[in-house]
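Please keep the sequence and the coordinates at hand while reading.

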Amino acid sequence: MGRIVVLGGDGFCGWPTSLYLSKRGHDVVLVDNLSRRKIDIELEVESLTPIRPLSERLRAWHEVTGETLQFQDFTIGEHYHRLLTLIKEERPDVIIHFAEQRAAPYSMKSPAHKRYTVNNNLNATNDVLCAIVDSGVDTHLVHLGTMGVYGYGTSGMRIPEGYLRVKVDLEGGHQAEQDILYPANPGSIYHMTKTQDQLFFYYYNKNDGVRITDLHQGVVWGTQTAETDLDERLINRFDYDGDYGTVLNRFLMQSAIGYPLTVHGTGGQTRAFIHIRDTCRCIEIAIENPPQLGERVNILNQMTETHRVRELAELISEKTGTPIEYVTNPRNEADENDLHVVNERFLGYGLEPTTLEDGIMTEVSDIARKYAGRCDRSKIPSTSLWRKVEAGQPA
Ligand SMILES: NC(=O)c1ccc[n+]([C@@H]2O[C@H](COP(=O)([O-])OP(=O)(O)OC[C@H]3O[C@@H](n4cnc5c(N)ncnc54)[C@H](O)[C@@H]3O)[C@@H](O)[C@H]2O)c1
């Protein structure tokens with residue numbers, strides 16, 4: 001079993017992943033600066049589920065399973081020497097990097113939020129890579145990226161797993177073939193930081209031989225995993241607010257409290273989805289299949305199904321009887337888009353996806369309805385605008 005450092009281990013994906021790996025016998029060290037909990041205070045909102053303070057979570061895990069999770073509280077991208085010392089002392093087989101500001105609407109709220117997201121995310125990623133090289137430790141870095149790096153429109157082709165094979169014309173009628181990173185097309189400041197992460201990975205892999213897997217993940221839905229379900233004190237977070245709530249979790253909660261399902265624009269935007277349980281399994285698969293020394297950055301699309309937003313709303317509306325309300329889209333994006341994504345590699349490794357059709361009602365009844373009393377309805381609308389609104393123009 002391996003030694004694993006989880007950066008961002010208190011977050012929505014990091015917490016269940018840490019428990020999943022600890023349960024399977026790995027030694028896990030969590031690093032987190034609790035910035036996500038502080039953002040809840042800033043936004044005056046709380047996770048719909050009653051997440052416990054981190055020390056209580058760690059105690060509960062030990063009580064329930066006998067396993068110990070270590071924790072260090074510092075800021076990746078700022079406290080470089082703490083990170084370097086941790087890597088030198090722990091000599092982890094794997095470092096999993098979740099420690100970034102991950103909400104697109106939050107990154108677009110104001111100039112201060114744009115600057116925070118860029119500073120936090122880019123410095124975090126660069127410091128992790130720099131410290132790996134500085135430490136001389138041969139570790140495998142697994143990073144959580146996003147499907148959003150590709151943009152949401154293609155010329156009809158399926159989006160490949162990271163690389164695009166291109167043919168270029170040379171002099172003398174010859175042709176050359178080359179794999180390039182799929183052209184980046186960020187739709188928000190948050191997505192832009194993720195596209196720039198890709199260049200850090202490309203560079204440190206080429207220059208220093210760092211072994212890296214970059215997982216281009218879809219929107220994660222669902223709340224609990226087998227491990228977080230073991231005890232109420234281990235419960236995972238569930239964001240429903242206009243900044244951090246992702247579309248499906250927002251619909252689930254809205255249906256639980258009888259609030260109309262708010263669809264932005266025509267709801268023709270297609271998005272890729274994955275259940276939180278499958279996130280954990282994909283990370284395990286990535287750990288078990290590391291790139292070899294000298295191999296290029298390993299990129300996998302971590303998603304299991306795609307849906308148009310209005311189809312999701314219709315599905316939930318049908319099952320729960322909640323009406324749908326079409327509202328002005330605050331984002332700067334096309335009304336309608338198709339998304340065809342290649343995800344054969346995870347399926348080839350044996351991933352058995354949790355489907356939306358199967359899992360959705362469990363989420364409505366076990367989570368959204370159960371904790372509906374904790375919902376602050378005033379926090380549901382998404383008010384972060386992508387562009388300044390010109391006088392007389394729709395937002
Ligand atoms: N949630 C999704 O739907 C989704 C989808 C695609 C990709 N991702 C990616 O997965 C990763 C994790 O997402 P999440 O939903 O768990 O987010 P989250 O905000 O719940 O978790 C991130 C954690 O990292 C910590 N953190 C942030 N910056 C830090 C820093 N500089 N130093 C130390 N700790 C720091 C936060 O306190 C938080 O606990 C992100 O990089 C995100 O881009 C998430």
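## Basis and conventions

A residue is called buried when its relative accessible area is under 20%, exposed when it is over 50%, and partly exposed in between, with a 1.4 Å probe and protein chains only. The model is predicted, so that local features need pLDDT of at least 70 and side-chain atom pairs count only at pLDDT 80 or more, whereas totals for chains, interfaces and linings use all residues. Residues are numbered from 1 along each chain as its sequence is written, and side-chain values use heavy atoms, with hydrogens and water left out.

Helices (H or I, at least four residues) and strands (E, at least two) are DSSP runs that are numbered from the N terminus. Two strands pair if DSSP finds at least two bridges between them. Axes are lines fitted to C-alpha atoms, for helices over the stretch in contact, and angles run from 0 to 180 degrees between N-to-C directions.

An open sheet is formed by 7 strands in the order 3-2-1-4-5-8-12, and its pairing is parallel. At its edges are strand 3 (70–72) and strand 12 (298–302), each of which pairs on one side only. Neighbouring strands of this sheet are turned against each other by 20° on average, direction ignored.

Within this sheet, strand 1 (residues 3–7) and strand 4 (residues 94–97) run parallel and are joined by 4 bridges, and valine 6 stands opposite isoleucine 96 in strand 4. Helix 7 (residues 189–208) lies across strand 5 (140–146), strand 8 (211–217) and strand 12, and runs at about 155° to strand 5.

Strand 9 runs parallel to strand 11 (residues 270–275), to which it is joined by 3 bridges, and valine 220 is placed opposite isoleucine 274 in strand 11.

## Salt bridges

Side chains of opposite charge can pair when their charged atoms come close. Under the criterion used here, a salt bridge is a side-chain nitrogen of Lys or Arg within 4 Å of a carboxyl oxygen of Asp or Glu, and the count comes to 24 salt bridges. In one of them, the side chains of arginine 165 and aspartate 179 meet at 2.8 Å, N to O. Arginine 165 lies in strand 6 (residues 163–169) and aspartate 179 in strand 7 (residues 175–181), so this pair ties together parts that are 14 residues apart in sequence. Arginine 165 counts as exposed because its relative accessibility is 54%, whereas aspartate 179, at 29%, counts as partly exposed.

Glutamate 357 and lysine 319 form a salt bridge through their side chains at 3.3 Å, N to O. This pair links distant parts of the chain, with glutamate 357 in helix 12 (residues 356–369) and lysine 319 in helix 10 (residues 309–320), 38 residues apart. Glutamate 357 is partly exposed at 47% relative accessibility, and lysine 319 is likewise partly exposed, with a relative accessible area of 34%.

## Two buried polar residues

Asparagine 298 has its place in strand 12 and counts as buried because its relative accessibility is 10%. Its side chain is joined to that of arginine 345 by a polar contact of 2.9 Å; such a contact is a pair of N or O atoms within 3.5 Å, where within protein one must be able to donate a hydrogen and the other to accept it, and residues adjacent in sequence count only if both atoms are side-chain atoms. Leaving aside neighbours within four places in sequence, asparagine 298 is in contact (heavy atoms within 4.5 Å) with residues including Ile212, Thr213, Asp214 and Arg345.

Serine 135 is found in helix 6 (residues 111–135) and, at 13% relative accessibility, counts as buried. The side chain of serine 135 reaches the backbone nitrogen of valine 137 at 3.1 Å. Apart from neighbours within four places in sequence, serine 135 is in contact with Leu84, Ile87 and Lys88.
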